[in-house]
Amino acid sequence: MLQEKIDHLERLLAENNEIISNIRDSVINLSESVEDGPKSSQGNFSQGAGAPLLPSKQLSLVVDPEDCSFALQSGSRNSDVQMLDVYSLIPFDNPDGGVWKQGFDISYLFNEWDSKPLQVFVVPHSHNDPGWLKTFDDYFREMTQYIFNNMVIKLKEDSRRKFMWSEISYLSKWWDTIDKPKKDAVKSLLQNGQFEIVTGGWVMPDEAAPHYFALIDQLIEGHQWLEKNLGVKPRSGWSIDPFGHSPTMAYLLKRAGFSHMLIQRVHYAVKKHFALHKTLEFFWRQNWDLGSGTDIFCHMMPFYSYDIPHTCGPDPKICCQFDFKRLPGGRFGCPWGVPPETIHLGNVQKRAEMLLDQYRKKSKLFRTTVVLAPLGDDFRYCERIEWDHQYKNYQLLFDFMNSHPEYNVKIQFGTLSDYFDALDKEDVTIRKNSQSMFPVLSGDFFTYADRDDHYWSGYFTSRPFYKRMDRILESHLRAAEILYYFALKQAQKYKISKFLSSSHYMALTEARRNLGLFQHHDAITGTAKDWVVVDYGTRLFHSLTNLKKIIGYSALLLILKDKNSYNSYSFDNLLDMDLKQNSQGSLPQKTVITLSAEPRYLVVCNPSEQDRISVVSVYVSSPTAQVSSASGKPVEIQMSAVWNTATTISQTAYEISFLVQMPPLGLKVYRILESASSDPHLAEYVLHNGNVKDKGIFNMKNVKSTEEDITLENSFVKLRFDQSGLLEEMINKEDSKHHEVKVQFSWYGTTSKKDKSGAYLFLPDGEAKPYVYTTLPFVRVQRGRFYSDVTCFLEHVTHRVRLYNIQGIDGQSVEVSNIVDIRKEHNREIAMRISSSINSQNKFYTDLNGYQIQPRMTMSKLPLQANVYPMTTMAYIQDTKHRLTLLSAQSLGVSSLKSGQIEVIMDRRLMQDDNRGLEQGVHDNKVTANLFRILLEKRSVNMEEEKKSVSYPSLVSHITSSFLNHPVFTMTEKIPVPTLQLLGEFSPLLSSLPCDIHLVNLRTIQSKVDGKHSDEAALILHRKGFDCRFSSRDTGLLCSTTQGKILVQKLFSMFTVASLIPSSLSLMHSPPDARNISEINLSPMEISTFRIQLR
């Protein structure tokens, strides 16, 4: 009976949602028809707020109460180990542990293995960085290709030998150079289990700086390559070199179908704590998981490094003697002074017992009798002699141990999965009442320290120019993927040969691979040699250029009135992206559109899955510019000066800005021309502490020194600045409350001790020192129709704070843009600090990979550099009444060293190496653009809330972040083509997706033929977890939430869904019940992939 009532209520809810979404659709249609209507005081633009007609308050955000319950539950209460608690427990006192410096002495009894012998898997591996001290191509040419070539020969010699590999970028490069017999040899080695692919991503990615879009993309790229060329599906994760580990990676592996994973670089104090409690092997569960669905088994390596001296057991002096590449007469020996000995009849017993002692000691740190002993290092197994030395000497040791039952050991070569399989067998046999013997852990493993106070928080910011470029490439790749798949469908429908025969798909694949390569743990991290950084940058730049072309070509096809005319146009003068970057190391510049009386098309693209109202700005050659909608109605424009320097304006270029309301994933067409009847709203300027001589057509006031504060406001917020042009205060219009929100800059130096900061390490000389200037900086205030801003010119930073005058999402937060230049500095790092009156105490929150929020505690028992954490897209602080969020368009290091503060390190210039192998400092700094938004939100919660191990952004924050990371693109006709006829818009979706569902990608799937595509695409969706307890004022969101349900047939407006079949995240597996579905159902936080075919 109760169940029937519940079902009935659910039906009513669903119908209610349907009604709401219908009303919303009609309102959107209405506002679109009004957009072209007459300009009158009560029409489209009320002269007050300067915003187009929007749905009324009740309609702007419909959140179902059920959708709020997820964030209210406290996350994984049921973990045995919560990393925040571990940090509270550990003393971080770093005592000397004897031979295992950072550990303790391990002892055992000889009879411990009488009933159950020790099972040892020696796992040979070679760690190949796709770029670090040499470029990817140089490493391949000089080393990696020989590793593969020799592997084929040497594994064939003895079927007991094993080897494994993880980086597909290298494997695919080698594959393209070898003949069929070699390819067949590799396939047979994979088949008989001698060779294993682990993880199988394009690279072994960093886990702090990458966005989850790129982590997924490089995983798909690797797995798709493997499926096509080798037909294998990796099942174990292997991540031995990234500098700290993120639970996001664990989640993505789990969703891709992995059951086990391994990590290595974890804080030495955490390793010791886990070794003492035998929790080095655990089920890693997501913080937010209310059940156990995200559990993945994880093995943490116990010692200092993944090299051979630190993997056989606790004593590196002994383990080093079993690295047979270091035999006397070789290129390098053992730093502990005792070299290896070749194994022969005379020494085999003594050597076997020495090695077995280490394996036994290592096994005492774990809960089973199965031991993993990796055998490898960077670029190992290059020469044939090395294969012989390692494999033959070890085989002699194995044969000796295995033939002496009194040792109670079974030892052999293995792959990672051989180890995990043996472990699973153990776990199943020992399991009591179906309870696994392994603990459940939640949390993350940042910030990493490998010894002393050497925290690896420097790389969170190092080479920030490329960290920003990475995200620009991501937003272009995503937009290009989506538009390309839509255009491909139309090209197939209308048989447009010119598009179908193009090399777009090959360029798209190359862009995926260049982005994938950059996720490598020495690339996006900023920890490679200067010329290697240039090589990565050149690849990113090359792909960015190609993606702009693909976006232009695809958009043109989608927006053409007569699709068949596509074949007849020459493409050099059609849709051209308006941002131009001249080289891999320079900032993008806007191109100036030369206007004439002949109108030309301007096409705006919205890569977001939400309806969107944004300000679009372009540079034009004439002050009499006019913009009209596709149907010819003039659009209001703001005209601003284009500044050549801080105080001189361009006489040949003008910036025009106007509001666009765009359909989700859609295109909107405008026309732009020179016209005597143009009537732009000219921006007005006030200039403080400086002088502008030539004012051009603009009204500019030079103000010497003033006691009066500078203010900017829109309908949501008022900002107050001091005389230096720095933000002091935010006033919320909703309740007129004043909030201190101060922006300041500061400098960190590096310590005077022997070990100093470098590319990896942050070793500051104490707290940051304030940024000082002797005279007040030049401050330029601009007030305009659609946006106003304050720009302050400091010697090392051009700092601009902008407020958009829009009734949408963009109007609710404050845009902060910093152009940073520290090229003349030595051993200094520049930070931006936001101070507020929020009582956050020692707690703050940072995101992990743009996917989830991890609560942080600033701890006084730790050095300053240990309290710096990675921020990919946001960081926030809060108390019971407010939350202050810093949203970021690039990954950087962030901290909250005092209550009410958020501090972000924007660039660092360091003159020395920090002894981690790079052998150089960081002094290739560029003029770097950093982009942020500051969002202040009212919230209402009690203090108990703050103790949770999980937290979520609000919907407004999520969508602000999405808009910041996926800006609107504009394209223009280079030269007006009178015959060109475009539609008014391209609107592929029936309506916005639900507010909490993000379309991660729509990625055309490869075909069996090289360089070609299939008809299917991977539709990747993410349902975001969000917190509802924020002020529900008019949010400007044109979407509702639907408990994660999407009706497939109600998704697209211009296409039919021929099929939609669930898949694993990286397309490796199909669920057993994989069939065509008509409704998508996502749980909060879920990322899912579907194979979709549109017609």
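This is a predicted model: local features need pLDDT of at least 70, side-chain atom pairs count only at pLDDT 80 or more; totals for chains, interfaces and linings use all residues.

How far apart do the C-alpha centres of domain 1 and domain 2 lie?

Author: Residues are numbered from 1 along each chain as its sequence is written, and side-chain values use heavy atoms, with hydrogens and water left out.

The C-alpha centres of domain 1 and domain 2 lie 41 Å apart. Domain 1 covers 113–451, and domain 2 is made of 707–820 + 869–965; these bounds come from an automatic or database domain assignment. The size of an interface is often given as the accessible area lost when the parts come together. Here the area buried between domain 1 and domain 2 is about 1,100 Å², and carbon and sulfur atoms give 53% of that; buried area is the accessible area (1.4 Å probe) that two parts lose on being put together, summed over both. On the side of domain 1, Trp132, Asn287 and Arg451 supply 34% of the area buried against domain 2, more than any other three residues.

Turning to the strands, an open sheet of 11 strands runs in the order β26-β25-β32-β33-β34-β35-β44-β41-β40-β37-β38, and its pairing is mixed. Strands (E, at least two residues) and helices (H or I, at least four) are DSSP runs numbered from the N terminus, and two strands pair if DSSP finds at least two bridges between them. At the edges stand β26 (699–703) and β38 (852–857), and because each has a single partner strand, one side of each is left without a neighbour in the sheet. From one strand to the next, the twist averages 20°, with axes taken as lines fitted to C-alpha atoms, for helices over the stretch in contact, and angles running from 0 to 180 degrees between N-to-C directions.

Within this sheet, strand β40 (residues 874–878) and strand β41 (residues 882–888) pair in the antiparallel sense over 5 bridges, and tyrosine 876 has threonine 885 in β41 as its bridge partner. Helix α19 (residues 955–965) packs on the sheet and touches β40, β41 and β44 (928–938), its direction making about 165° with that of β44.

Most residues other than glycine have a negative phi, and most peptide bonds are trans. Phenylalanine 379, although not a glycine, has a positive phi of about 50°, and this phenylalanine 379 is found in the loop between β10 (370–378) and α13 (384–402). The peptide bond from phenylalanine 446 to threonine 447 is cis, with omega near 0°, and threonine 447 has its place in the loop between β12 (440–442) and α15 (464–493).

Note on methods. Contact means heavy atoms within 4.5 Å.
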